[in-house]
Amino acid sequence: MEAKANAKAKVKKMKPLQELVRPNIWSLSPYTSARDEYKGHEAKVFLDANENPYNDPVNRYPDPLQRDLKARICAIKGVREDSIFFGNGSDEAIDLMFRIFCRPGVDNAVAIEPTYGMYGVCADINDVEYRRVLLDDNFQPDADKILAAVDANTKLIFFCSPNNPSGNNIDRKVIDKVLDSFDGIVIVDEAYIDFAGVPSYLQQLSNRPNLVVLQTFSKAWGMAGIRLGMAFAQPQIIDIMNKVKYPYNINQLTQKRAMEEVMQHDRVRGWVESILKERARLMEKFARLDCCIKVYPSDANFFLARVKDAAATYNYLVGQGIIVRNRSKVALCGNSLRVTIGTVAENNALLEALSKY
């Protein structure tokens, strides 16, 4: 009992949200669209938004808060509807984190390295210092090193789990320690969570006010082309994200296509099972290739492999009409290729080509 009490005592409280948010954002009066003001369902004549009355239904502005889609997703994800934000891909939510919380030229963000490149790009665009904390040889972070990179102006810490490009789940004890010890915002990017075999951090959302979880329709849902990302957080954070985003950030066609897929979401499970089965088969066979030195463990829909000559292997595959990703210029990934799990036929084509290399 005493150990539990001491553990609880070490948990650092999140700063008040007003202290974390940029002052100009906190006091921002958001743009109000015609569809924000009207929320009823009984009207038949719409003369409020200067729309063209012809070319139904795409002549009408979309719901700026995507209410119908959120009502479906909250049941699937087990979260409150007011804890959901939809963005133009997860990249919009990532960019909003910087725009909301980080004062340009003053504040900073901390992230593991290597990881998804858009965190650093968004930091650069927003003139925010981006502090990289190198992973170990097993692509795992050290919580103490991450916290040592934090100072009074650190507003954000990013984790990608499963991580990209390494493909592995990040040690949850590390993420939990950072969540307990950091009084700013911790973003856990779960783009590949459906392949990971571990619980989502959505289950901790109600107990962690400083947690933002990112997910996407691009991976397990198979809808990268419609550009729809999800962020989950406390309603107060979601309110601010909605205040800062562009009014109609998710177009009507995207909302319609996502709703169609959500209505038959059970088939996603079948896709995931097929990908996981192929992942095991492809990784095993890839490891036996003459060009392969090592295949790293994966909890995603891709794997990272160290090869003898990544540039030469990549160029050879391009010549065969097969495209993988050369990650050799990324930290800790020298002479490494990232390989996405395709269909059985696509994976066989890759293996056949490399068997002749």
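What follows are my entries on the sheet, the cores, a few single residues and the salt bridges.

**Ground rules.** I am working with a predicted model, where local features need pLDDT of at least 70, side-chain atom pairs count only at pLDDT 80 or more, and totals for chains, interfaces and linings use all residues. Residues are numbered from 1 along each chain as its sequence is written, and side-chain values use heavy atoms, with hydrogens and water left out.

**The sheet.** I took helices (H or I, at least four residues) and strands (E, at least two) as DSSP runs, numbered from the N terminus. Two strands pair if DSSP finds at least two bridges between them. In what order do the strands of the open sheet run? I read β1-β7-β6-β5-β4-β2-β3, seven strands with mixed pairing. β1 and β3 (129-134) each have a single partner strand, so one side of each has no neighbour in the sheet. On average, neighbouring strands are turned by 25° against each other, direction ignored; axes are lines fitted to C-alpha atoms, for helices over the stretch in contact, and angles run from 0 to 180 degrees between N-to-C directions.

I then checked two pairings. β1 (residues 84-87) and β7 (residues 229-232) run antiparallel and are joined by four bridges, with Phe85 partnered to Ala231. β2 (residues 108-113) and β4 (residues 154-160) run parallel, also with four bridges, and there Asn108 is partnered to Thr154.

For burial I used relative accessible area: buried is under 20%, exposed over 50%, partly exposed in between (1.4 Å probe, protein chains only). In β1, Ile84 and Phe86 on one side and Phe85 and Gly87 on the other are all buried. Helix α6 (residues 89-101) is mostly covered too, with 11 of its 13 residues buried.

**The cores.** A nonpolar core here is a set of buried Ala, Val, Leu, Ile, Met, Phe, Trp, Tyr and Cys residues joined through side-chain atoms within 4.5 Å. Which residues touch the most other members of the largest core? I found Phe159 and Phe286, in a core of 74 residues. Helix α12 (residues 266-287) gives the largest share, six residues. A second, separate core has 35 residues, including Phe85 and Phe98.

Contact means heavy atoms within 4.5 Å. Leaving aside neighbours within four places in sequence, Phe286 contacts several residues, among them Cys292, Phe303 and Leu354.

**Ser33.** Buried or exposed? Ser33 is buried, at 1% relative accessible area, and sits in the loop between α3 (23-26) and α4 (34-37). Its side chain makes a polar contact with that of Tyr248 at 3.3 Å. I counted a polar contact as a pair of N or O atoms within 3.5 Å; within protein, one must be able to donate a hydrogen and the other to accept it, and residues adjacent in sequence count only if both atoms are side-chain atoms.

**Salt bridges.** My criterion was a side-chain nitrogen of Lys or Arg within 4 Å of a carboxyl oxygen of Asp or Glu. By this rule I get 20 salt bridges. Arg67 pairs with Asp63, the closest N and O atoms being 2.6 Å apart. Asp107 pairs with Arg103 at 2.9 Å; Asp107 is buried at 2%, whereas Arg103 is partly exposed at 32%.

Arg257 pairs with Glu260 at 3.8 Å. They are three residues apart in helix α11 (residues 252-262), so about one helical turn separates them. Salt bridges that share partners join Lys256, Arg257, Glu260, Glu261 and Arg267 into one network.
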